[in-house]
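Please open the structure in your viewer and keep the selection tool at hand. The stops below may be followed in order.

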Amino acid sequence: MATKIPANLKYTKDHEWALIENNTVTVGITDFAQSALGDIVFLEVPEKGTHLKAGSTFGVVESIKSVSDLYAPVSGEVVARNSDLEGSPEKINEDAYGSWLIKVNIQDASELNNLLTAEQYQEFCNTSH
Amino acid sequence: MMTLKTHLHDEHVKLGAKIVPFAGWDMPIQYTSVKDEVLAVRQSVGVFDVSHMGEFFVEGPDAEQFVDHLVTNDILLAPLGKAIYSPLCRQNGTVIDDLIVYKISSGKVLVCVNAANIEKDFSWFKENHKNFNCRLENRSEEFSLLAVQGPKSFETLKPLMDQLPDIQYYSVIESTFKRRPVIIARTGYTGEDGFEIFGAHETMVELWQKLIELEVKPCGLASRDVLRLEVCYPLYGHELSEELTPYDAGLGWTVKTSKKDFIGKEKLASKPSKYKLVKLVLDKGIPREGYPVLNSHNEPIGSVTSGTMSVVLNKGIALALIEIDKVPKDEVFLIDIRQKYYTAKLLNKTFVTGGHK
């Protein structure tokens, strides 16, 4: 199965993508994740102002048949959530990288080193199934 | 654990199915999209490989009497050519399995059982068969089983079969496909009109290929589960188990205590139930198996046995077992989804009305 992994993003082993711009990280789930989940029908993400801890769950994404936790790629405060997805979470299936979930203010830049590069994530996807 | 593969496994792989272990088998869970597969069956026609299910043949002068003695529903009352859904119970009235009995011809009965229960059921059949003059065979490994389901299933299948009359829902006939024997039943697990076709492996692989060529939608177990839940069919291991009686699952209509004698009759005569199975629908949130159900005072009263997002309603739906003495009179049900309580509405009819006659 060919899965899209843009080179300009960073990734987690829990299949989130992270776009790093200045002091903010934009977070979504990868094409691999949306494909594994199937039809996405429900999304639960935290309110603006919520404080996240890197590696902890910050929400859930549900397909018709399954529930998956979302994990924060970095620690920090949620500064925006994508309200466009609330009524139509299926957009994630259509365009995983165009459907961001939340934006987080980076608290500790050193945590960015823990994220995978596109190449490392590709390698991870190849070996984990 | 080693998993078994159906004889259609290569076909599933060719179609890009997502394959998961289920009841000891590698089964296709979905091909393209669960939603599309559900809608194909509700609106047109889909095909499922359900070859993991078990087939027992009971043949001989006492075949019907023997099966009637084992199951709670009335087999003798039904005419030849009919299919009968029934629980199979122990003496204490708890459910060993739920199954379909096909009265193929005089002295020839086919019993189709759940994949996970084949060994258990067959042992039970053997243990109880001493006083009956009939042969008992577990022929599960010889048969593949395809379910062709949806409003267009008859018009799809009719030209393919050497002979397929417009039989009634819950009927069965012996026919042929390319001159090879098949058993065709107008049964299914979707609530729609549809057929289940039993045949030798090579025959069923050819039928599958023909159906795919005709653009019948291949459907996986995930859509099958949504379809059955939308029409409130129970699933063994969820709404039915060795801990429950048919009355717990709302299957009192399948227990014919008026018939002469059957295993469990004495216990079941008093209609024993510890639970009431309820149908719940939510405006927000998706209920899942195991989620607690609470009353308006936030007290636990039961739990969800099956839950999903309904494709037809686009709402969360659940079957839940509620302790019989805790069924709330105010009909207020809350479902605990990740420590948040969501209000659920009690339904008295099925979530979706299937189109079978």
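Which residue in strand 18 of chain B is the bridge partner of B:Met309? Select B:Gly316, for this residue is that partner. This is a predicted model, in which local features need pLDDT of at least 70, side-chain atom pairs count only at pLDDT 80 or more, and totals for chains, interfaces and linings use all residues. Residues are numbered from 1 along each chain as its sequence is written, while chains are lettered from A and ligands numbered from 1 in the order in which they are written.

Seven bridges join strand 17 to strand 18 (residues 316–323) of chain B, and the two run antiparallel; strands pair if DSSP finds at least two bridges between them. In their hairpin, with six residues between the strands, B:Asn314 takes a positive phi near 55 degrees.

Now select strand 16 (residues 292–294) of chain B, which is antiparallel to strand 17 and joined to it by three bridges. Here B:Pro292 stands opposite B:Ser303 of strand 17.

Finally, select B:Ile335. Leaving aside neighbours within four places in sequence, its contacts (C-beta atoms, placed from the backbone, within 7 Å) include B:Leu280, B:Val293, B:Val304 and B:Ala318.

How values were computed
Contact = placed C-beta atoms within 7 Å. Helix = DSSP H or I, 4+ residues; strand = E, 2+ residues; numbered from the N terminus.
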